[in-house]
Amino acid sequence: MRLLPPLAFAATILLLLPFAPVAQAQVLGEEHRTEEEIEHEFVQTRTCDPDGLIQSPCSFDQQPLPIQWNSNTVRYVINEMGSQQLHPDDDHLTDELKHSIIESFETWNEQECSAYEMVYDGTTTERFPGFDTDIDPEDNINLVVFRDDDWPHPHYHAVALTTVTFRPSNGEVLSADIEINTAQFEFTDSDDDVAIDLRNTMTHEVGHFLGLDHSPNHTATMYFTAAEGETHKRELHDADIAGLCHIYPEGDEPNLPDGTNGAGTDGGNRDDNGRCSLSGQGPDQGLIMVILFTLAAICLRRRRGK
Ligand SMILES: [Zn+2]
C-alpha cells in the first residue's frame with residue numbers, strides 16, 4: 001500500500017492518516033518552544049497528536065513530539081525526467097539540474113557542528129511521494145520530483161511541498177519527499193534573470209526534509225515565504241544552522257523521545273526482493289504523513305502560458 005498525500009487543505013502543517021480524517025494542524029505557540037529554539041530562532045517539526053487520530057491544537061500543558069530521522073545518514077534520489085520547464089531541450093534530468101539539487105543538500109551537509117548527511121543515490125522512475133508499507137522501510141526512497149505537467153495539490157498554492165512520513169509512537173521519520181511546482185510557477189536555476197530560484201526553494205525544502213519547521217526570522221532559509229528573484233535562502237542563516245545542529249549534533253547519534261537512537265532507516269533504494277510488512281508493530285501501523293506547506297511565495301508570477 002503506497003500512502004498518498006492529501007489533495008486538499010491549506011495550513012502550515014497538515015496530517016493525513018491513511019483512510020482517516022484530515023484536519024488542520026496547529027502552529028506551535030511560543031509556550032511550546034524550547035529556550036534554545038526561542039534564543040536561536042529555529043523550530044523543530046513537532047506534532048501534538050502522537051496517536052494520529054486527529055490533529056488538534058496543542059493544549060498549554062501538552063508536550064509536542066519532535067519529528068526527526070533516526071540516522072545521521074539519509075539517502076535521496078531524483079526523478080529521472082528532470083524538468084522540461086527548466087530545461088526544455090532535454091527530456092531527462094540534466095547535469096546542471098542535478099548539480100543544483102545536490103548543492104541544496106550539500107549546503108546543509110557541510111555544517112561542521114552536525115553529523116547529519118544526506119547522500120545522493122541516483123535517479124528513479126518513481127514520481128509519487130509517500131511511504132510504501134509493503135516493502136521494508138529501508139527500501140523506501142526519499143524522492144525529489146518536478147511537477148511540470150500538473151500540480152496534484154490544488155489547495156496548496158505553493159512553489160514546493162515536502163511530504164514527511166513518520167512513526168507516531170516516537171516521531172521517527174521514515175520517508176521524506178520533495179515536489180517542485182514547475183507546473184504553476186516559473187523556475188530558474190542560474191544567476192541571470194532569476195524568477196523562482198531552484199536552489200533558494202530546494203534549500204528551504206531540504207530543511208523540512210531533515211526535520212525543521214519555519215523560522216520566525218525573516219532572513220532565515222526556513223522563513224516561510226520567498227520573493228520572486230530571491231536567492232539568499234541558498235545560504236543558511238545562523239538560525240537554520242542552530243536548528244540542524246540541535247537535532248543532529250556532531251559526535252552523537254540521533255536521540256528519539258522514546259530512547260531509541262541511531263538504528264533507524266536511512267531511506268535506501270527500493271528493492272522488491274526485500275519486502276516485509278510493517279503490520280504487527282502496534283501503533284506504528286498507522287503511519288502519519290505530514291505535509292509541510294512551504295514557501296508561500298510573495299509576488300510570484302505564474303509560469304508563462306498557464
Ligand atoms: Zn516551508
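Analyst: A residue counts as buried when its relative accessible area is under 20%, as exposed when that value is over 50%, and as partly exposed in between. The model we are reading here is predicted.

User: How would I apply that cut-off to one residue, and is R234 buried or exposed?

Analyst: R234 has a relative accessible area of 12%, which is under 20%, so R234 is buried.

User: What do the side chains of R234 and D197 form?

Analyst: A salt bridge pairs a side-chain nitrogen of Lys or Arg with a carboxyl oxygen of Asp or Glu within 4 Å. In this structure the side chains of R234 and D197 form such a salt bridge, with 2.8 Å from N to O. Since R234 sits in the loop between helix 3 (198–210) and helix 4, while D197 belongs to strand 11 (residues 196–197), the pair ties together parts that are 37 residues apart in sequence. The two residues also belong to a network of salt bridges that links D191, D197 and R234.

User: How many salt bridges does the structure hold?

Analyst: There are 7 salt bridges in the structure. One of them joins R46 to E37, whose closest N and O atoms are 2.5 Å apart, and both of these residues are buried. Another is made by the side chains of R167 and E172, at 3.2 Å from N to O, and here again R167 and E172 are each buried.

User: How should I read a disulfide, and which residues does the one here join?

Analyst: In general, a disulfide is a covalent bond between the sulfur atoms of two cysteines. The structure holds 1 disulfide, and it joins C113 to C245 with an S to S distance of 1.9 Å. C113 lies in the loop between helix 2 (95–109) and strand 6 (117–124), whereas C245 lies in helix 4 (residues 238–247), so the pair ties together parts that are 132 residues apart in sequence. The torsion about the S-S bond is about 65°, and therefore the disulfide of C113 and C245 is right-handed.

User: Which residues gather in a patch of negative charge on the surface?

Analyst: Asp and Glu count as negative, and in this model D89, D90, D91, D95 and E96 gather in a patch of negative charge on the surface. D89 lies in the loop between strand 5 (73–79) and helix 2, and D89 is exposed, with a relative accessible area of 75%. T94 lies in that loop between strand 5 and helix 2 as well, yet T94 counts as buried at 8% relative accessibility.

User: Where does E41 lie, and what can I read from its backbone angle phi?

Analyst: E41 lies in the loop between helix 1 (35–40) and strand 3 (46–47), and its phi is near 65°, a positive value in a residue other than glycine. E41 is partly exposed, with a relative accessible area of 30%. D193 likewise has a positive phi, of about 50°, although D193 is not a glycine. D193 is found in the loop between strand 10 (187–188) and strand 11, and D193 is exposed, with a relative accessible area of 62%.

Key. Residues are numbered from 1 along each chain as its sequence is written. This is a predicted model: local features need pLDDT of at least 70, side-chain atom pairs count only at pLDDT 80 or more; totals for chains, interfaces and linings use all residues. Side-chain values use heavy atoms; hydrogens and water are left out. A disulfide is a pair of cysteine sulfur atoms within 2.5 Å. Helices (H or I, at least four residues) and strands (E, at least two) are DSSP runs, numbered from the N terminus. Patches are made of residues with over 30% relative accessible area and no salt bridge: like charges are joined within 9 Å, nonpolar side chains (Val, Leu, Ile, Met, Phe, Trp, Tyr) within 5 Å. Accessible areas come from the Shrake-Rupley method with a 1.4 Å probe; for residues, only the protein chains shown count as cover. The place of a charge is taken as NZ of Lys, CZ of Arg, CG of Asp or CD of Glu. Buried means under 20% relative accessible area, exposed over 50%, partly exposed in between (1.4 Å probe, protein chains only).
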